[in-house]
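This report goes through one protein model, from its overall layout to single residues. Please look over the sequence and the structure before reading on.

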Amino acid sequence: MRTAAARAAADFGAATDLVDEAAAATLGVNRTDLRILGVISESGPLSAAALAAAAKLSPAATSTAIQRLVAARHLTRTVDEHDRRRAVVALTPHAEELIDRVYGPIARAGQRILARYSADELTLITAFLRHGIDMQIAEADRIRALPSRP
């Protein structure tokens, strides 16, 4: 049973990857830019530093991605109203509409699936997913720390 659960989790991750690949193509962005759009879509406007931390990217990579996304008219860059020394990036209305068109139906389909489960089952599913997320993040950090291939 553990093998079947592990396989299903891996297959779910692969299916999610297919969705994100299709979404990136539809939005005309690469996967890093898609991650940035996702972070801003979930959190709202952010400074470049906060965005870099949330997306787990270097400041340089984040800055380059912001430039691409501003040029593509997916992001706006404005001065923070509370700290005029800091810039804030936000989704454009057009990007918000595209993201909703891509991911909105997925969210609604997911809610329909979750409606089939009891509160206890949802608690178990949530715990499993949270543990899996923690494990995946830890593994990504471990892999990043490996020496680069010469």
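## Elements and order

Helices (H or I, at least four residues) and strands (E, at least two) are DSSP runs, numbered from the N terminus. Along the sequence, these elements come in the order α-α-β-α-α-β-β-α-α. That gives 6 helices and 3 strands in the protein.

The model is predicted: local features need pLDDT of at least 70, side-chain atom pairs count only at pLDDT 80 or more, and totals for chains, interfaces and linings use all residues. Residues are numbered from 1 along each chain as its sequence is written, and side-chain values use heavy atoms, with hydrogens and water left out.

Taken along the principal axes, the C-alpha atoms fill a box of roughly 55 × 45 × 30 Å. The accessible surface of the protein is about 10700 Å², and carbon and sulfur atoms account for 60% of this surface. Accessible areas come from the Shrake-Rupley method with a 1.4 Å probe; for residues, only the protein chains shown count as cover.

Of the 150 residues in the protein, 23% are buried. Buried means under 20% relative accessible area, exposed over 50%, and partly exposed in between (1.4 Å probe, protein chains only). Contact means heavy atoms within 4.5 Å. Among contacts between residues at least 6 apart in sequence, 43% join residues at least 24 apart.

## Charges and salt bridges

The protein carries 19 positive and 17 negative side chains, and the centres of the two sets are 5 Å apart. Lys and Arg count as positive and Asp and Glu as negative, while His and the chain ends are not counted. The place of a charge is taken as NZ of Lys, CZ of Arg, CG of Asp or CD of Glu.

Side chains of opposite charge can pair when their charged atoms come close. The structure holds 6 salt bridges, a salt bridge being a side-chain nitrogen of Lys or Arg within 4 Å of a carboxyl oxygen of Asp or Glu. One of them joins Arg31 and Asp17, with 2.6 Å between the closest N and O atoms. This pair links distant parts of the chain, since Arg31 lies in helix α2 (residues 31-43) and Asp17 in helix α1 (residues 2-27), 14 residues apart. Arg31 is partly exposed at 36% relative accessible area, and Asp17 is partly exposed at 35%. Another salt bridge is formed by the side chains of Arg144 and Asp141 (2.9 Å, N to O). Arg144 and Asp141 are separated by about one helical turn, because they are 3 residues apart in helix α6. Asp141 is partly exposed, with 38% relative accessibility.

Which residue forms a salt bridge with Asp33? The partner is Arg68, and the closest N and O atoms are 2.6 Å apart. Here too the pair links distant parts of the chain: Asp33 belongs to helix α2 and Arg68 to helix α4, 35 residues apart. Asp33 counts as buried because its relative accessibility is 3%, whereas Arg68 is partly exposed at 37%. Leaving out residues up to four places away in sequence, Asp33 touches Ala65, Arg68 and Leu69.

Ala65 is placed in helix α4 and is buried, at 0% relative accessibility. Beyond its neighbours within four places in sequence, Ala65 is in contact with Asp33 and Ile36. Ala65 and Leu34 are 31 residues apart in sequence, and their C-alpha atoms are 9.7 Å apart in space.

Is Thr62 buried or exposed? Thr62 counts as buried because its relative accessibility is 0%. Thr62 sits in helix α4 (residues 59-71). Residues up to four places away in sequence aside, Thr62 touches Ala48, Leu51, Ala52 and Leu57.

## A nonpolar patch

Phe128, Leu129, Ile133 and Ile137 make a nonpolar surface patch of about 350 Å². Patches are made of residues with over 30% relative accessible area and no salt bridge: like charges are joined within 9 Å, nonpolar side chains (Val, Leu, Ile, Met, Phe, Trp, Tyr) within 5 Å. Leu129, one of the patch residues, is found in helix α6 (residues 119-145). Leu129 has a relative accessible area of 41% and is therefore partly exposed.
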